[in-house]
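Please look over the structure below.

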Amino acid sequence: MKIIAKNTKLSGHITVPGSKSHTIRALILASMAEGTSHIKNPLPSNDCLSTAKAMNLIGAKCEYPTDSADLMWTVEGAGKNLKMPDEGTIDVGNSGSLMYFLSPVLSTLNGKVTFTGDESICSRPVGHLLDALNQLGGKAESANNNKPPFTVQGPICTDNVLKTDGKLSQYISGIMMATLRMKGTMKMELATPQETPYLTMTKIWMDQVTGEPSHVSISPDFKNVKVEGPAEYKGFDTTIPSDWEGVAFPLIAALITDSEISIDNVDTGESQGDKAIVDVLKSVGADIHYEGTSLIVRGGKKLSTKDLPGGKLVVDMASFPDAICALAVIACFIDGVVEFTNVEICRKKETDRVVAMCSELTKLGAKVEDAGESMFIYGSECKMHGGAVESYKDHRIVMSLACCGLGLAEGEEVEVADAEWCSVTFPNFVEAMNGLNAKFQTKE
């Protein structure tokens with residue numbers, strides 16, 4: 001499917017789906033628990049559905065309807081009966097979170113399991129994960145140059161101090177959750193921790209389900225993580241908060257189209273790092289504010305870096321790398337220079353998002369530079385126009401480039417290939433945005 005986006009004016013209200021990051025953590029912890037859990041407002045996206053299916057393979061019983069107006073998923077936890085899958089394989093689809101979270105959890109068991117997934121997953125390096133599990137006494141190996149498919153064999157233990165870079169947060173979160181099943185103290189020393197808000201999110205979840213914050217401690221610099229195990233906990237009831245990664249797209253769309261919209265039921269807590277996008281955009285003059293749990297966005301103000309130090313906006317992507325696609329698009333509409341630093345982590349997602357955004361935005365008239373550890377966008381020199389662009393089958397690239405088309409001159413349009421991939425995190429993206437008058441068209 002392709003999305004065709006043209007110049008338009010937005011108005012009205014939009015509600016983004018529940019958080020993928022929260023949904024997957026809830027499903028895995030519920031499956032590890034004794035008893036029944038009820039998960040309200042889950043994200044019924046491909047990644048979360050892959051997770052729900054996988055939970056049914058490891059001893060839990062998960063019911064996950066997708067066609068109800070008020071979604072609630074029910075998980076009867078496996079608890080002490082957690083097991084390896086009968087067929088010996090977990091297919092994670094396109095979900096890196098599922099792969100990184102579940103492989104340490106299953107490594108607490110005797111036996112062997114193979115993790116595989118789609119073409120994108122099988123191109124991702126997982127050497128850091130395999131090394132970590134091997135340090136903890138497991139046997140983890142890949143016959144595909146440290147990429148999936150890979151096998152893990154447990155049980156891992158808490159005898160050794162894990163020393164790893166921690167640049168990707170997901171496998172650290174997976175080991176944290178796995179320790180709930182293990183006896184002893186898990187100590188992790190992270191050389192260069194990044195994506196740190198996600199470690200905080202995992203700690204919050206573990207504190208909530210165990211009712212004992214003392215199980216997890218994280219140093220202020222995130223370089224030392226300690227988890228006390230084991231912990232016995234029961235099923236729980238929870239409501240998944242809205243996804244800040246999804247908020248980013250209507251937010252930038254309103255600003256680049258000089259529109260006023262309300263993004264409703266926004267998560268006002270501190271567990272999602274992508275919330276930082278608001279402060280980034282306000283620093284260049286964006287008119288954004290909260291009214292209760294609604295985020296009010298008013299376009300029409302010229303966005304500029306002229307009042308910032310050195311006349312340049314510097315955005316450190318280490319803590320919220322998934323926002324790189326949306327921020328790269330709006331940077332093309334900011335008067336001045338935007339430098340994105342610590343972008344190495346952005347290169348290890350569904351695709352190398354730095355290379356991909358540089359390539360596709362250049363096709364649309366942007367002045368972009370890939371400088372290795374940084375990416376520069378020279379908004380003052382961008383002469384944006386229409387064109388056909390690739391999405392690299394990456395959901396965030398699809399949605400970002402579609403929003404880009406909304407801010408072009410009259411008569412210009414952007415055609416985004418493989419747009420069906422937005423279903424990974426925002427299944428009704430086209431319909432929701434068209435509710436704001438985006439006028440997206442789709443074609444096969």
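## Helices H1 and H3

Ile24, Arg25, Ile28 and Met32 of H1 meet Ser97, Phe101, Leu102 and Val105 of H3. Contact here means heavy atoms within 4.5 Å. By class, this contact of H1 with H3 has 6 nonpolar, 1 polar and 1 charged residues. Ala, Val, Leu, Ile, Met, Phe, Trp, Tyr, Cys and Pro count as nonpolar; Asp, Glu, Lys and Arg count as charged; the others, Gly among them, count as polar. The model is predicted: local features need pLDDT of at least 70, side-chain atom pairs count only at pLDDT 80 or more, and totals for chains, interfaces and linings use all residues. Residues are numbered from 1 along each chain as its sequence is written, and side-chain values use heavy atoms, with hydrogens and water left out.

Two packed helices are described by the angle between their axes and the distance between the axes. H1 spans residues 20-32 and H3 spans residues 96-106; they pack at an angle of about 20°, with their axes 10 Å apart. That makes H1 roughly parallel to H3. Angles under 35 degrees count as roughly parallel, over 145 as roughly antiparallel, 65 to 115 as roughly perpendicular and the rest as oblique. Axes are lines fitted to C-alpha atoms, for helices over the stretch in contact, and angles run from 0 to 180 degrees between N-to-C directions. H1 passes H3 in a right-handed crossing. A crossing is right-handed if the near helix is turned clockwise from the far one by less than a right angle, and left-handed if anticlockwise. Helices (H or I, at least four residues) and strands (E, at least two) are DSSP runs, numbered from the N terminus.

## Burial of H3

How many residues of H3 are buried? The count is 11 of its 11 residues, and H3 is mostly covered. Among the buried residues are Ser97, Phe101, Leu102 and Val105, which also meet H1. Buried means under 20% relative accessible area, exposed over 50%, and partly exposed in between (1.4 Å probe, protein chains only).

## Helix H9 and its two partners

H9 (residues 324-331) packs against H10 (residues 353-363) at an angle of about 30°, with their axes 10 Å apart. That makes H9 roughly parallel to H10. Their crossing is right-handed. Ile324, Cys325, Ala328 and Val329 in H9 meet Arg353, Met357 and Leu361 in H10. The residues of this contact divide into 6 nonpolar, no polar and 1 charged.

H9 also packs with H11 (residues 395-406), at an angle of about 20° and with axes 8 Å apart. H9 is thus roughly parallel to H11. The crossing of H9 and H11 is right-handed. Cys325, Ala326 and Val329 of H9 make the contact with Arg396, Ile397, Ser400, Leu401 and Cys404 of H11. Here the residues divide into 6 nonpolar, 1 polar and 1 charged.

## Aromatic pairs

A search of the whole structure finds 7 aromatic pairs. Rings of Phe, Tyr and Trp (its six-membered ring) pair if their centres lie within 6.5 Å; planes under 30 degrees apart count as stacked, over 60 as edge-to-face and the rest as tilted. Phe115 and Phe150 form a stacked pair, 5.6 Å centre to centre with 15° between the planes. Phe115 lies in strand S7 (residues 111-116) and Phe150 in strand S9 (residues 150-154), so the pair ties together parts that are 35 residues apart in sequence. Phe115 and Phe150 are buried.

The rings of Phe426 and Phe429 have centres 5.5 Å apart and planes at 70°, so this pair is edge-to-face. Phe426 is buried, at 1% relative accessible area. Phe429 is buried at 0%. Ring pairs link Phe249, Phe426, Phe429 and Phe440 into a cluster.

Thr151 lies in strand S9. Thr151 is buried, with a relative accessible area of 18%. Leaving aside neighbours within four places in sequence, Thr151 contacts Lys112, Val113, Thr114, Lys139, Ala140 and Glu141.

Thr268 sits in the loop between strand S15 (260-264) and helix H8 (277-282). Thr268 counts as partly exposed, at 39% relative accessibility. Not counting residues up to four places away in sequence, Thr268 touches Lys275, Tyr290, Gly292 and Thr293. The C-alpha atoms of Thr268 and Leu29 are separated by 23 Å, and the two residues are 239 residues apart along the chain.
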